[in-house]
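Please read it alongside the sequence and the structure.

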There are 4 protein chains.
Amino acid sequence: MKSDWTPTAFVLDVDGVMTNGQFFYSAEGKIFKVFGPDDNDALAMLRNKIRIHFVTADKRGFDITCKRIVDDMGYELDLVSSENRLVWIDNKYSASEVIYMGDGIFDDCILRNVGYGIAPANADKRAKQAANFVTTRSGGDRAVAEACTHILDMFFYDGASCRIIDKGY
Amino acid sequence: MKSDWTPTAFVLDVDGVMTNGQFFYSAEGKIFKVFGPDDNDALAMLRNKIRIHFVTADKRGFDITCKRIVDDMGYELDLVSSENRLVWIDNKYSASEVIYMGDGIFDDCILRNVGYGIAPANADKRAKQAANFVTTRSGGDRAVAEACTHILDMFFYDGASCRIIDKGY
Amino acid sequence: MKSDWTPTAFVLDVDGVMTNGQFFYSAEGKIFKVFGPDDNDALAMLRNKIRIHFVTADKRGFDITCKRIVDDMGYELDLVSSENRLVWIDNKYSASEVIYMGDGIFDDCILRNVGYGIAPANADKRAKQAANFVTTRSGGDRAVAEACTHILDMFFYDGASCRIIDKGY
Amino acid sequence: MKSDWTPTAFVLDVDGVMTNGQFFYSAEGKIFKVFGPDDNDALAMLRNKIRIHFVTADKRGFDITCKRIVDDMGYELDLVSSENRLVWIDNKYSASEVIYMGDGIFDDCILRNVGYGIAPANADKRAKQAANFVTTRSGGDRAVAEACTHILDMFFYDGASCRIIDKGY
C-alpha cells in the first residue's frame with residue numbers, strides 16, 4: 001500500500017519515543033536516559049527518503065539527548081517547548097507535510113494538526129487517540145523502528161524499499 | 001463533573017509515585033532513582049489551584065529526592081515516617097481536606113483517612129483497595145500526570161481548566 | 001489461618017528476590033543492582049518472630065549486595081553457591097524448619113526440600129512449580145513484602161500481627 | 001526428545017538477548033548495559049557440549065559487552081555487523097550446523113538460514129516469525145537460560161543432561 005501523500009519531514013520527540021521516558025537522578029541531578037535497540041538502524045533506512053529532525057523540551061537532560069541524537073546518531077536536534085512545538089513545526093516544514101511522533105500529555109494537539117501522527121504504545125491516552133498510527137512497541141523498545149517500517153510501507157513502498165526487505169529487513 | 005468538595009492540599013509520596021519505586025545501589029550505597037515523563041508538566045497545571053506538598057520516608061535517598069522535587073521542580077518536601085504521616089498530614093492541613101497519593105504497605109490507612117485517596121497502578125494491593133481512585137499508569141510512568149488530570153476533572157472543572165484542555169491538554 | 005508448623009528461619013536469595021534480577025555493567029564491570037519498595041519495612045515486621053538470613057552466589061556483586069543487605073538493612077548475608085546451598089541450609093538450620101525464597105534455575109531442588117518454599121512471580125518456571133507459594137509481585141517490586149505478609153498470615157497469625165494490621169499494615 | 005541433528009556451535013547476539021536491549025546514556029555517551037539472572041549458569045551447562053560464540057554489532061558499547069562476555073564469563077566475542085553476520089557465521093562454522101539466537105530487525109534473515117534459529121520474547125516481530133523457537137522469557141530476563149534448556153532437551157538429551165536435571169537443574 002502506498003499513500004498518495006508524500007511527507008517531507010519526520011519530526012520526533014525524544015523522551016518516551018527514542019527513550020523509555022525514564023530519567024535517572026543522582027544527588028547531583030538528572031544523569032542518565034535509556035535508549036533501546038534497532039531504532040538507529042531503522043532510521044538509517046529512512047534517511048535518504050525523508051528529512052529526520054528531533055525535538056525535545058528537556059533542558060536539564062539536553063546534554064544527554066544531544067550526545068545520543070546528534071553526536072552518535074548524526075541527526076538534527078532542537079530544544080522546542082511543548083507549547084511552541086506545533087508553530088515551530090509549521091514554520092520549519094509546514095505542519096501538513098510532516099509526520100510527527102510524540103508521546104506526551106501536550107502531544108495530542110500536535111498529532112492532530114500534522115500530516116500524519118504516530119504515538120508509541122506507552123504514550124499518554126489522549127496522544128494515542130489523536131494519532132493516525134500507534135505502534136505496538138514502546139519507546140526505547142523498538143517503537144521508532146516500528147514507526148520507520150510503517151512509514152516505509154505507507155509512503156515509500158517501491159522497488160527501493162522492497163530490496164531492503166529482500167536483504168533481510 | 002465537579003465535586004462539591006474542594007481540597008486544600010495535594011500531598012504526594014515520592015518513591016513508587018513520582019518514581020517507579022526502584023532504587024539503585026552501588027557498592028557505595030543508594031545512588032539513583034528513576035523518574036518519568038509528564039508528571040512535572042501536569043503538576044504545573046494544578047499549582048495555582050491547590051497546594052502541592054511531597055513527603056518521603058526515605059532518609060538514605062533524601063538527597064536524590066530533594067534534588068528532583070525541591071531543586072529542579074520547586075515543590076515542598078518533608079521527611080515524614082510512615083507511622084507519623086497521617087498525624088502530620090492532619091496537623092498540617094486537616095486530613096479531611098487533603099488529597100493523598102501513596103503506594104506503600106502502610107499507605108492504606110492514610111488513604112482511608114484523608115478527604116480523597118489516590119493510588120498508582122503499581123501500588124500495594126491494600127493501598128489500591130483503600131484508594132478512591134487508582135490510576136491506570138504506574139509510578140514513574142505518568143501516574144501523577146493521570147492523577148492531576150483526574151483532580152482537575154473532579155474538583156476544578158471550570159472555564160480555566162477547560163481552556164487548558166483547549167490548548168492541547 | 002495459622003499453620004501448626006512453626007518455622008525457625010526465613011532464608012532468602014538476593015538477586016531476583018530482593019532485586020529485579022538485573023545487574024548493570026559498565027566497561028569496568030558489574031556496578032549496580034536494583035532494589036525496590038516495602039521489602040525492608042515488611043521484613044522488619046517479621047524480624048522479632050523468625051530469624052532472617054540472606055544468601056547469594058554472586059561473588060562479583062557481593063560488595064553491592066552487602067551494602068544493601070548488611071550495612072543498610074542490618075541482616076546476615078552469606079556467600080553460598082547454588083550447589084552447596086541446600087546442604088548449607090540444612091547444616092545451619094535444618095532444612096525442614098526453614099522457609100526459603102528463591103527464583104533461579106537451581107532453586108527448584110532447594111524449594112522442594114525445605115519446610116516451606118516461596119518463589120517470586122518472575123522466577124524460573126521450575127522454581128515456581130516447586131514452591132509452596134508464588135507471590136503475585138516480582139522481585140524488586142514488593143515480592144518479599146508479599147512473602148512476609150503471607151508468612152505472618154500463615155504461621156504467626158495472632159494478636160500481635162493483628163495489631164500490626166490494625167495500625168495500617 | 002532428541003533430534004537427529006547435532007549442532008556444532010551456538011552463536012548468540014548480545015544486546016536484546018543477553019541484555020534487555022537497553023543502553024544507558026550519560027552526557028559522556030553510552031555507559032551501561034543491563035544483564036540478568038541464570039544465563040551464565042545455564043550456558044555453563046552447555047559449554048562442554050557445543051561451542052559458544054557471541055557476536056555484536058555495537059561498536060560504541062563494545063568495552064561494556066567485552067567486560068561481561070569475555071572477561072567475566074569467558075566466552076569468545078566478535079564485532080560483526082548485521083549485514084556481514086550470516087556470511088561470517090557460514091565461513092566460521094557452516095550456517096547449517098549452527099544454532100543462532102538473535103532479536104533484531106535484521107536477524108530474521110540469519111534465523112532463517114542457520115540450522116536452528118531462536119528468538120527471545122522481546123524480539124522484533126519478523127525475527128520471531130523466522131525463528132524455530134521463541135522463548136517465553138525476554139532478553140536479560142532468562143531468555144538465554146531458557147534457550148539453553150531447550151537446546152539440551154532438543155539436541156543433547158542423554159544420561160549426562162539427565163544427571164544435571166537430577167542435581168537440581
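In this predicted model, 8 strands close into a barrel in the order 2(A)-3(A)-2(D)-3(D)-2(C)-3(C)-2(B)-3(B), and their pairing is antiparallel. From one strand to the next the twist averages 35°, where axes are lines fitted to C-alpha atoms, for helices over the stretch in contact, and angles run from 0 to 180 degrees between N-to-C directions. Strands here are DSSP runs of E with at least two residues, and helices are DSSP runs of H or I with at least four, both numbered from the N terminus; two strands pair if DSSP finds at least two bridges between them.

Residues are numbered from 1 along each chain as its sequence is written, while chains are lettered from A and ligands numbered from 1 in the order in which they are written. Because the model is predicted, local features need pLDDT of at least 70 and side-chain atom pairs count only at pLDDT 80 or more, whereas totals for chains, interfaces and linings use all residues.

Between chains A and B, 17 residues of chain A are in contact with 21 residues of chain B, contact meaning that the C-beta atoms, placed from the backbone, lie within 7 Å. On the side of chain A that touches chain B, the elements giving two or more residues are strand 2 (19-26) and helix 4 (107-113) of chain A, and strand 2 gives the most, with 6 residues. The residues of this side divide into 7 nonpolar, 6 polar and 4 charged, where Ala, Val, Leu, Ile, Met, Phe, Trp, Tyr, Cys and Pro count as nonpolar, Asp, Glu, Lys and Arg as charged, and the others, Gly among them, as polar.

Chain D is superposed on chain A by a rotation of 90° with 0.0 Å of shift along its axis (RMSD 0.0 Å), which is the relation of a four-fold axis; the superposition is by least squares on the C-alpha atoms of residues with pLDDT of at least 70 in both copies.

Within chain A, A:I89 lies in helix 3 (residues 82-93). A:I89 counts as buried because it has 22 C-beta neighbours inside 10 Å, the cut-offs being 20 or more other C-beta atoms within 10 Å for buried, 12 or fewer for exposed, and partly exposed in between, with C-beta atoms placed from the backbone. Leaving aside neighbours within four places in sequence, A:I89 is in contact with A:V11, A:A95, A:V98, A:Y100 and A:V114.

Note on methods: Contact = placed C-beta atoms within 7 Å.
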